[in-house]
Amino acid sequence: MNEEQFVEALKEKGIDLNPEQLQQFNRYFELLVEWNEKMNLTAITDQSSVYLKHFYDSISMAFYVDFSKDQSICDVGAGAGFPSIPLKICFPQLQVTIVDSLNKRIQFLTHLSEELKLSNVQFVHARAEEFGQNSKYREQYDMVTARAVARLTVLSELCIPLAKVGGQFVAMKAAAAQDELSDAKKALSILGAEKIQEYSFTLPVENSERSLFVFNKVKSTPKKYPRKPGVPNKSPL
């Protein structure tokens, strides 16, 4: 997917990029490749793949979830900024917090946001389990999201405690998503979330499968979750 195809594909979905936004994506790509030589941010570095598998894929969430209003979003384990930074470029009014356990990635994201002149973005170096127990962040966000971080049972424990009651947890998944969803039923119930929507679609050009699950936070998460770092992964709910 070249830049022109990227613009057209988004326009078909009702997202019109202005020249400044296009320049931000262009600079994002350049910095991603440049920093990737020093540290492992992504295995995907050719332009057409970055625009499709990182930028377009991240923004695909907005085809199904409303980002038109002013809302706070927490992106758990965003790595090189996906999906929240492409969403922030398209919807500048979003207030974005990214938490990641690797300080080098936080340094990249801080530099990136300065270069792209992004406002209302915050980067926190922390384990998601500790971050979710911090009263400054816990149950503070309108939406919590993650892309390709962990299986849904584990991901739910890392993300749901951060969403405010009445907020949403949106999980971006590839194939085998239905298996993950059935495995996560117990965890979702314990943590206080209910599935309200699910969407399946394919990425253009390569036709790879994608699933999007939208959960409402219907009650406060019990204080013991998330458990200590590493425990959700070792003993999923």
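Predicted model: local features only at pLDDT ≥ 70, side-chain atom pairs only at ≥ 80, totals over all residues.
**Exercise 1.** What is the orientation of helices α2 and α3 to each other, and which residues meet?

*Solution.* 
1. Helix α2 covers residues 19-36 and helix α3 covers residues 47-59.
2. Their axes come within 11 Å and cross at roughly 120°.
3. The handedness of the α2 and α3 crossing is right-handed.
4. On the α2 side, the contact is made by F25, N26, Y28, F29 and L32; on the α3 side, by Q47, V50, Y51, H54, F55 and I59.
5. Sorted by type, the residues of this α2 and α3 contact give 8 nonpolar, 3 polar and no charged.

**Exercise 2.** What is the orientation of helices α2 and α5 to each other, and which residues meet?

*Solution.* 
1. Helix α5 covers residues 103-115.
2. The axes of α2 and α5 are 11 Å apart, and the packing angle is about 150°.
3. Angles over 145 degrees count as roughly antiparallel, therefore α2 and α5 are roughly antiparallel to each other.
4. The crossing of α2 with α5 is right-handed.
5. From α2 come R27, Y28, L31, L32 and W35, and they meet Q107, F108, H111, L112 and E115 from α5.
6. By type, the residues of the contact of α2 with α5 split into 6 nonpolar, 2 polar and 2 charged.

Note on methods:
Residues numbered from 1 in each chain as written. Heavy atoms only, no water. Axes fitted to C-alpha atoms, helices over the stretch in contact; angles between N-to-C directions. Helix = DSSP H or I, 4+ residues; strand = E, 2+ residues; numbered from the N terminus. Left-handed = near helix turned anticlockwise from the far one by under 90°. Contact = heavy atoms within 4.5 Å. Nonpolar A, V, L, I, M, F, W, Y, C, P; charged D, E, K, R; others polar. Parallel < 35°, antiparallel > 145°, perpendicular 65-115°, else oblique.
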